[in-house]
Amino acid sequence: MEPAVGKPSFFRNIMVRVLLFGVFIIVVRFAYIVTITGESCNRGDFCFFSLPENLNFVIAGAGPGASAIVGSDSVSRSNPRRDLYTSKDWIKAVNFFSSVFQGLISEGYLSPNSKSLCVETPGGQEVFALKEIGVGDSIGIFKKASKPLVISGEGHRIPFRNNTFDFIFSGGARLDKSARPSEFASEITRTLKPEGFLVFHVKAKDTYSFNSFLGLFDSCELVKMRHIDGFDSSLPYIREIIMKKKSEIPGHGDKISGGDPGNECSVQEHKRDLIRNAEPLITDEPLKPWLTLKRNIQNIKYLPSMVDISFRGRYVYVDVGARSYGSSIGSWFRKKYPKQNRTFDVYAIEADRTFHEEYRLKKKVTLLPYAAWIRNETLSFEVNHDPNHPGLEDVKDKGRGMGRIQPKKSSGNVVDGEVDEIQGFDFAEWLKKTVTEKDFVVMKMDVEGTEFDLIPRLFETGAICLIDEIFLECHYNRWQRCCPGQRSTKYEKTYGQCLDLFTSLRESGVLVHQWW
């Protein structure tokens with residue numbers, strides 16, 4: 001008689017099926033966690049039990065006391081971004097900032113008791129690093145919050161009261177990228193306590209941009225500047241700047257002085273270095289100025305092509321003697337001037353009423369329908385019909401002569417053209433009220449001989465130091481295009497006097513270019 005084997009085989013089959021079903025559930029769970037939710041297998045709920053709350057995952061490489069411990073109080077285990085905090089990029093960033101902050105602690109700029117703020121930190125690595133080295137009272141701000149490390153806020157709108165923090169950090173060249181660098185700097189200074197420290201990581205590749213940076217923080221003093229290596233390809237080279245909130249630092253450099261001591265201004269040495277690198281002036285009078293000066297535009301070394309123009313409050317273009325929109329604003333400045341992706345406020349100063357209506361239709365251009373002059377007074381505006389003038393490139397300009405202003409007392413003179421009364425205004429004083437030394441200001445001036453009045457006035461008032469770059473057309477008794485061998489009688493100045501004007505500007509530290 002055969003032994004009965006049915007029951008054991010049945011139970012064995014049941015157990016095998018249960019085991020296979022369990023394996024199937026685990027595989028499905030793994031696939032869901034990894035491929036659908038993007039999580040990893042170190043999650044407690046994946047393993048169907050909770051990990052101990054005191055279990056720490058240590059990120060090696062930052063040295064003693066600087067490890068990023070994911071299981072610590074700085075990041076809750078229930079935080080949905082928890083796995084971000086164990087990624088390679090996160091670990092690399094935390095290690096970098098931990099090293100930076102430990103160095104600052106050893107030098108006395110930061111302490112475990114410092115109430116600290118990290119500005120414009122998308123992921124909060126800087127905050128995490130501060131907490132893990134013992135600076136517990138730390139928080140970050142970014143446009144989109146990433147709690148618990150980062151709350152909502154922006155560099156130009158920090159959601160804290162005055163004099164709140166002992167230490168403020170801004171990394172990742174975020175001030176370089178800010179569309180509102182002046183407001184960014186002002187807010188940081190406002191929320192920092194007196195005697196508190198600011199630390200920035202910026203690009204600031206040249207002396208010009210470095211000095212522009214310092215100009216944003218007039219209530220702070222420079223403590224230290226050094227170069228360090230970055231931790232990723234987006235910012236491989238970093239200039240670390242350490243500042244202390246104290247009092248305004250007096251200006252440095254050679255002073256340009258007018259008659260009033262209150263109108264003195266300083267031209268720093270780094271601006272003189274730029275002038276030495278600028279294109280040379282045309283010293284010999286051109287026989288065909290309408291060709292030579294026009295071709296010279298190809299040789300011009302624009303300021304933004306030589307330096308980084310970051311860290312300025314506003315970006316301003318002033319066209320003095322603008323004529324029509326297409327004469328220079330539309331045809332040259334909008335299309336050819338290198339702006340480094342900055343948005344410029346444009347001012348067009350034009351006394352000729354012929355062109356006023358056109359500007360009313362142009363957006364982002366502010367028209368000043370007056371004549372730039374040395375004081376506020378009524379002037380005579382003379383327009384000579386000169387269709388052969390070399391500057392009349394725009395269709396609307398052709399046949400319309402160049403306007404020239406004269407003091408009203410001379411309006412009784414007989415002239416060959418139209419004469420009208422217009423209002424002149426003190427251009428230098430207007431400029432001082434409109435822009436500051438923190439702004440980046442570009443000026444083009446084509447005022448039919450009035451430059452010999454306006455430029456001295458800019459020096460006299462100190463307004464000349466507000467201008468970073470000037471494109472100046474100097475008017476003189478040039479050789480006439482129509483009549484070989486004859487000079488124009490419209491202007492009394494000579495080419496030598498124009499050259500003296502350009503030379504004096506450059507020797508005073510003003511970057512000026514010969515315009516046509």
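The exercises below work through a helix, some salt bridges and some aromatic contacts of this structure.

This is a predicted model, in which local features need pLDDT of at least 70 and side-chain atom pairs count only at pLDDT 80 or more, while totals for chains, interfaces and linings use all residues. Residues are numbered from 1 along each chain as its sequence is written, and side-chain values use heavy atoms, with hydrogens and water left out.

**Exercise 1. Find which residues of helix α12 are buried, and describe how they are placed around the helix axis.**

Step 1. Helices (H or I, at least four residues) and strands (E, at least two) are DSSP runs, numbered from the N terminus, and α12 covers residues 427–434.

Step 2. Buried means under 20% relative accessible area, exposed over 50%, and partly exposed in between, with a 1.4 Å probe and protein chains only. The buried residues in α12 are Phe427, Ala428, Trp430, Leu431 and Thr434. Seen down the axis of α12, these buried residues fall within an arc of 160° (taken from the directions from the helix axis to the C-beta atoms), so they line one face of the helix.

Step 3. At the start of α12, the backbone nitrogen of Ala428 has a side-chain oxygen of Asp426 within 3.3 Å.

**Exercise 2. Work out which parts of the chain are tied together by the salt bridge between Lys224 and Glu107, and then do likewise for Asp166 and Lys193.**

Step 1. Side chains of opposite charge can pair when their charged atoms come close. A salt bridge is a side-chain nitrogen of Lys or Arg within 4 Å of a carboxyl oxygen of Asp or Glu, and the structure holds 26 of them.

Step 2. In the salt bridge of Lys224 with Glu107, the closest N and O atoms are 2.7 Å apart. Lys224 belongs to strand β8 (residues 220–229) and Glu107 to helix α2 (residues 88–107), so the pair ties together parts that are 117 residues apart in sequence. Lys224 is partly exposed at 27% relative accessible area, and Glu107 is partly exposed at 30%. Both residues also belong to a network of salt bridges that links Glu107, Lys224, Arg226 and Glu240.

Step 3. Asp166 and Lys193 meet in a salt bridge of 3.4 Å, N to O. Asp166 lies in strand β6 (residues 165–170) and Lys193 in strand β7 (residues 192–202), so this pair ties together parts that are 27 residues apart in sequence. Asp166 is partly exposed at 25%, as is Lys193 at 29%.

**Exercise 3. Classify the ring pair of Tyr302 and Phe471, and locate its two members in the chain.**

Step 1. Rings of Phe, Tyr and Trp (its six-membered ring) pair if their centres lie within 6.5 Å, and planes under 30 degrees apart count as stacked, over 60 as edge-to-face and the rest as tilted. By this rule there are 37 aromatic pairs.

Step 2. The ring centres of Tyr302 and Phe471 are 5.8 Å apart and their planes stand at 45°, so the pair is tilted.

Step 3. Tyr302 sits in the loop between α8 (289–295) and α9 (303–306), whereas Phe471 is in strand β20 (residues 469–472), 169 residues apart, and the pair thus links distant parts of the chain. Tyr302 is buried, with a relative accessible area of 12%, and Phe471 is buried at 0%.

Step 4. Both rings belong to a cluster linked by ring pairs, whose members include Tyr315, Trp332 and Trp515.

Conventions
Polar contact = N/O pair within 3.5 Å; in protein donor to acceptor, adjacent residues only side chain to side chain.
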